[in-house]
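Me: I have a structure open and want to go through its contacts. Can you take my questions as they come?

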Amino acid sequence: MRNLLRVDSLKEAVRKDGLFLAGGTEILRLNTGVDENADLIDILPLLDKEIREEGDDVIIGSGVTFSDLLSSDIVPEYVKKAALYMCSAELRNQATIGGNIASWRDDSYLIPSLAAASARLLVLEKDGKLKNLGIEEYANCHSLIISITLNRKESVSSFRESLTSHSHAAITAAFGTNECYALKGSGIFFSFDSLKFVSDLSGSASYKSYLASLFRKESGRV
Ligand SMILES: Cc1cc2nc3c(=O)[nH]c(=O)nc-3n(C[C@H](O)[C@H](O)[C@H](O)COP(=O)(O)OP(=O)(O)OC[C@H]3O[C@@H](n4cnc5c(N)ncnc54)[C@H](O)[C@@H]3O)c2cc1C
């Protein structure tokens, strides 16, 4: 049976054994592959839910929901476009930006655009120390995300292809200072040359390969 652990601070949360619970849209879903017996550490009440500007930077607290992103005047349009890839309004009201990054899904809505924009993550490690990471560096880290910093002046184009708006995406890709691809069945990639394609229900390997090349070309990168 799962226990729900309440904590008084994020520092206390990172010292506990268990899985962080934010919006819960991923972790409370069936068949996510997460340990269904692990304790849940309720961090949602403690997360930063603010969006603020500092010079050219936009700093987004990890507890900000997809709906909050869309209703903000200062969140860059490329983030809003990616947030709208989550087409369910009910999910958008609940799902957090931090939970989306940490889930590291192969059909991630936000990771490609955030990585393309060279977003920086402020994370809190188990030893209580704060660290600044790029999205790619977060891949093997699983630390608690405090906030995401973006440069408002970045120019990012993103693409997503799925059978229907509610289906899993075959590919989500974004191009800015960096490029990033989420490929169903394969994972998340940070360069075109490292892409690996597999056939699955979202599409054949050759179809995904064609889309990756097409999106890259449409972005003007080649
Ligand atoms: C029907 C359905 C379809 C979905 N389709 C997609 C999809 O196509 N693409 C996609 O990307 N997502 C999809 N999701 C998953 C999910 O809705 C999003 O990824 C969402 O943004 C997760 O955020 P959350 O706040 O609900 O996270 P939670 O469910 O609370 O947590 C998700 C994971 O992130 C960790 N976590 C949460 N917050 C933090 C934090 N601040 N720091 C570190 N770790 C943290 C948790 O421990 C957990 O492992 C879908 C969900 C549903 C129910």
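Me: Is K184 buried or exposed?
Reply: K184 counts as buried, at 15% relative accessibility. The cut-off for buried is under 20%. Keep in mind that this is a predicted model.

Me: Which residue does K184 form a salt bridge with?
Reply: D106. The closest N and O atoms are 2.9 Å apart.

Me: What network of salt bridges are K184 and D106 linked in?
Reply: The network links E26, R29, R105, D106, D107 and K184.

Me: How many salt bridges does the count come to?
Reply: The count comes to 13.

Me: What does R152 pair with?
Reply: The side chain of R152 meets that of E53 in a salt bridge, 2.4 Å from N to O. R152 lies in the loop between β8 (144–151) and β9, and E53 lies in strand β4 (residues 51–54). They are 99 residues apart. R152 is partly exposed, with a relative accessible area of 32%. E53 is partly exposed too, at 41%.

Me: And K208, which residue does its side chain meet in a salt bridge?
Reply: D200, at 3.0 Å from N to O. K208 is buried, at 1% relative accessibility. D200 is partly exposed, at 31%.

Me: Switching to sheets. What is the strand order in the four-stranded one?
Reply: β9-β10-β11-β12, an open sheet with antiparallel pairing. β9 (157–162) and β12 (187–189) each have a single partner strand, so one side of each has no neighbour in the sheet. The twist averages 10° from one strand to the next.

Me: How many bridges join β9 to β10?
Reply: Six, and the two strands run antiparallel. Within that pairing, R160 stands opposite T172 in β10.

Me: Which helix packs on the sheet?
Reply: Helix α8 (residues 205–218). Helix α8 touches β9, β10 and β11 (179–183), and its direction makes about 25° with that of β10.

Me: What about C87, what does its 27% relative accessibility count as?
Reply: C87 counts as partly exposed.

Terms used: Residues are numbered from 1 along each chain as its sequence is written. This is a predicted model: local features need pLDDT of at least 70, side-chain atom pairs count only at pLDDT 80 or more; totals for chains, interfaces and linings use all residues. Side-chain values use heavy atoms; hydrogens and water are left out. Two strands pair if DSSP finds at least two bridges between them. Axes are lines fitted to C-alpha atoms, for helices over the stretch in contact, and angles run from 0 to 180 degrees between N-to-C directions. Contact means heavy atoms within 4.5 Å. Buried means under 20% relative accessible area, exposed over 50%, partly exposed in between (1.4 Å probe, protein chains only). A salt bridge is a side-chain nitrogen of Lys or Arg within 4 Å of a carboxyl oxygen of Asp or Glu.
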